[in-house]
Amino acid sequence: MVQAPPPPPGTNPATGGAAAPPPPAAAPAAPAVQAAAAPAAPKHQSSPEVKERLAAVAAIGQAISAEVQKVIIGKAHVIDNVLVNILANGNLLFEDYPGLAKTLMTNTFADALGCDFKRVSFTPDLLPADITGTNIYDAKKGEFTFKPGPIFCNLLLSDEINRAPPKTQAALLEAMQEKQVTIGTVTHKLPAPFLTMATQNPVEQEGTYPLPEAQLDRFMFKMSVGYPDRADEDEILARRIQRKKDAVDVEVITDPQRVIAMQQAIEDVYVDPAIRMYMVECVARTREDPRVLVGASPRGSQALLKTGRAAAAMRGRDFVTPDDVKSVAVLALAHRLILKPEHQIKGLETDEVIQTILGQVPVPTV
């Protein structure tokens, strides 16, 4: 009985010459009915080593989340999304009102990750060289030497990024995408891992320079923290009274090399072809929606792929599900859309467009 099922799937292991022709005729019909389910089963059977690495990613991620939640109260879902962004090796833009722990969250993550952290406060007089570094003439040596700027770190906090002029904002473009900086004719690689967490205030527009679409597109996620509810805000005050100081002691959970290993482990998360087409369809419909002037680019598709994989790993799985894609779609795609003026005037938000598309695209059964 145990040996009866294996022959049909193989069709011709070692059963005999005459029995081989009939099974191929019946075999195409079975996969046609099962569509994505039949090929998915053997493909995403990960090796024990892969499963072990991904289990370690989930465990370390939970430890980091728990450590950050000692400081950021009542925002577990936001913290998990930041972790997904870090595992996907992407840049993150926080847009929210003052005092909602945008900067504090970045500082806390840097402490928990054990990464080299630098902060740059973007101001109208900030120059590109103040971020990237510059060549300085050494009189003793009689030559120019490169003095690296604060961008040479693992985690860069670009505080109030929209307060600097476009020339200074553009200094980050190469670093955000290629993980390198070009000074003159020399290109300098940034340390790995490298990612930018930027903050901006949506209410104070006087004296600010809105980020151009080309730079917005280089942020993998755009998200907000949001106000805490009454119970969480009371807990914030209670903990402040208990520790008798503003600063919170954060334990170091990991280190840069382990973060790189976690990011590499995400590459082993299986993505079924049906899930892949689901991602493609969601992005393609942003370009076809009559309310949208400019839809998401293939960079948006890749953001869905990478963050979907990271979300699956955070949930302890070695394969991506439609729910993983849905959980990151708004954060990964909404800021990449430009609505038509008439819909902007009506107050339509790009988040609503993505939610509508998610409700319309057929969900694959895998």
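Before I start, a word on conventions: the model is predicted, so local features need pLDDT of at least 70 and side-chain atom pairs count only at pLDDT 80 or more, while totals for chains, interfaces and linings use all residues. Residues are numbered from 1 along each chain as its sequence is written, and side-chain values use heavy atoms, with hydrogens and water left out.

Let me begin with the overall picture. The chain has 18 helices and 11 strands, where helices (H or I, at least four residues) and strands (E, at least two) are DSSP runs numbered from the N terminus. Of its 366 residues, 44% count as buried, buried meaning under 20% relative accessible area, exposed over 50% and partly exposed in between, with a 1.4 Å probe and protein chains only. Taking contact as heavy atoms within 4.5 Å, 76% of the contacts between residues at least 6 apart in sequence join residues at least 24 apart.

I turn now to the helices. Helix α5 (residues 48-68) and α6 pack at an angle of about 135 degrees, with their axes 10 Å apart; the axes are lines fitted to C-alpha atoms, for helices over the stretch in contact, and the angles run from 0 to 180 degrees between N-to-C directions. That makes α5 oblique to α6, since angles under 35 degrees count as roughly parallel, over 145 as roughly antiparallel, 65 to 115 as roughly perpendicular and the rest as oblique. On the α5 side, the residues making this contact are Val57, Gly61, Ile64, Ser65 and Val68, and on the α6 side they are Ile79, Asp80, Leu83 and Leu87.

Helix α6 (residues 76-87) also packs with helix α7 (residues 102-113), here at an angle of about 60 degrees and with the axes 12 Å apart, which makes α6 oblique to α7. In this pair, Val78, Ile79, Val82, Leu83 and Ile86 of α6 meet Met105, Phe109 and Leu113 of α7.

What do the buried residues of α13 pack against? They pack against α5, α6 and α7, and in this helix (residues 256-265) the buried residues are Pro256, Val259, Ile260, Met262, Gln263 and Ala265. The N-terminal end of α13 is capped by Asp255, a side-chain oxygen of which lies 3.1 Å from the backbone nitrogen of Gln257.

Asn89, in the loop between α6 and β1 (91-95), has a phi near 60 degrees, a positive value in a residue other than glycine, and is partly exposed at a relative accessible area of 30%. Ala101, in the loop between β1 and α7, likewise has a positive phi, of about 70 degrees, and at 23% relative accessibility counts as partly exposed. Elsewhere, the peptide bond from Ala192 to Pro193 is cis, with omega near -5 degrees, and Pro193 lies in the loop between β7 (186-189) and β8 (195-200).

Finally, the cysteines. A search of the whole structure finds 0 disulfides, a disulfide being a pair of cysteine sulfur atoms within 2.5 Å. For Cys115, the nearest cysteine sulfur is that of Cys153, 9.4 Å away. Cys115 is buried, with a relative accessible area of 13%, and Cys153 also counts as buried, at 0%.

Technical notes. A polar contact is a pair of N or O atoms within 3.5 Å; within protein, one must be able to donate a hydrogen and the other to accept it, and residues adjacent in sequence count only if both atoms are side-chain atoms.
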